[in-house]
Amino acid sequence: MITEAFAALEPVVGIKPACELTGRSRATVYRQRHPKPRVAGPRRAPAAHPAALSELEQERVLSVLRSQRFVDKSPAFPLGRWLSDQRRAYRAGTMCSTRADELEELGMVWDTADTAFAENLAAARAYYAQAGTLAAPRHATALDKPVGQWLTNLRRPDGLGKDPERAARRAEQLAAIDPDWNPGQLGWTVDWQRHYTGLTTLLEGGAGLDDIVPGVTHHRRPALGFGEPGTAAPRALPVTVVRGTA
């Protein structure tokens, strides 16, 4: 189904918009159309790094690490675990302000979950700017983020997190982009909200209800207008109407 939709949209809007509308990867399209020729023969071994130790140097380092001096010591510092401990102490309020300030100067991220949410929120904002709604299908992407699946996950029970304050804060951030981001709370489905937004956009763009008959679809693109595919000069409206078969 995605392949057929992409094939129908590409001649009208181009590869990039067609990929964004159907959720297809542009890289995959280009690889399929321009495959790299296979090189015959054995693969060449990767070159050694200029700073790599020689075999003799490696043996010398290992002999020191295996000596009695380091027999009960780890050669690698568990930095990841240490960072987790610092975040735990910060959340518990047991970290002194001086240490917190020093870590923040290094760019410490105290809540990695909020950082990931902020990145996906930026993608949702970009999607809304293009589509006019956060009622995105699951395959939708924006800024190389799977924003459709992410929004679907957020609409599930406890999808915003089990912490009530954090969940309320995230809901406010989403509502600031699209007050109707979670249609289930309003009593209808995401698909209904997406179609309602499309209809509203068409009507506001100058289309009439008589123009919207079975077989008519639309997609929102700021650079395109309202008209039949292939028209030389469509009117400057924010949508394209594509007539199919009834």
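Let me start with a pair of helices. Helix α7, residues 112-131, packs against helix α8, residues 147-154, at an angle of about 115 degrees, and their axes are 10 Å apart. An axis here is a line fitted to C-alpha atoms, for helices over the stretch in contact, and angles run from 0 to 180 degrees between N-to-C directions. Helices are DSSP runs of H or I with at least four residues, numbered from the N terminus.

Before I go on, a word on the source. This is a predicted model, in which local features need pLDDT of at least 70 and side-chain atom pairs count only at pLDDT 80 or more, while totals for chains, interfaces and linings use all residues. Residues are numbered from 1 along each chain as its sequence is written, and side-chain values use heavy atoms, with hydrogens and water left out.

Back to the pair. α7 and α8 are therefore roughly perpendicular to each other; that label covers 65 to 115 degrees, with under 35 called roughly parallel, over 145 roughly antiparallel and the rest oblique. The crossing of α7 past α8 is left-handed, meaning that the near helix is turned anticlockwise from the far one by less than a right angle.

Which residues in α7 meet α8? They are Phe117, Asn120, Leu121, Ala123, Ala124 and Tyr127, and on the α8 side they meet Val147, Trp150 and Leu154. Contact means heavy atoms within 4.5 Å. By class, this contact of α7 with α8 has eight nonpolar residues, one polar and no charged ones. In that scheme Ala, Val, Leu, Ile, Met, Phe, Trp, Tyr, Cys and Pro are nonpolar, Asp, Glu, Lys and Arg are charged, and the others, Gly among them, are polar.

Next, salt bridges. How many does a search of the whole structure find? It finds three, taking a salt bridge as a side-chain nitrogen of Lys or Arg within 4 Å of a carboxyl oxygen of Asp or Glu.

One of them joins Asp85 and Arg88, whose closest N and O atoms are 2.8 Å apart. Asp85 and Arg88 are three residues apart in helix α5, residues 79-92, so about one helical turn separates them. Asp85 is partly exposed at 34% relative accessible area, and Arg88 is partly exposed at 47%. For these labels, buried means under 20%, exposed over 50% and partly exposed in between, with a 1.4 Å probe and protein chains only.

Asp191 and Arg194 also meet in a salt bridge, at 2.3 Å from N to O. Asp191 and Arg194 sit three residues apart in helix α10, residues 190-204, so they too are separated by about one helical turn.

The remaining bridge is between Lys145 and Glu119, with the closest N and O atoms 3.4 Å apart. This pair links distant parts of the chain: Lys145 is in the loop between α7 and α8, Glu119 is in helix α7, and they are 26 residues apart. Lys145 is partly exposed at 26%, and Glu119 is partly exposed at 43%.

Last, the backbone. Most residues other than glycine have a negative phi. Asp144, in the loop between α7 and α8, has a positive phi near 60 degrees, and it is exposed at 80%. Asp158, in the loop between α8 and α9, has a positive phi near 65 degrees and is exposed at 55%.

Notes
Helices (H or I, at least four residues) and strands (E, at least two) are DSSP runs, numbered from the N terminus.
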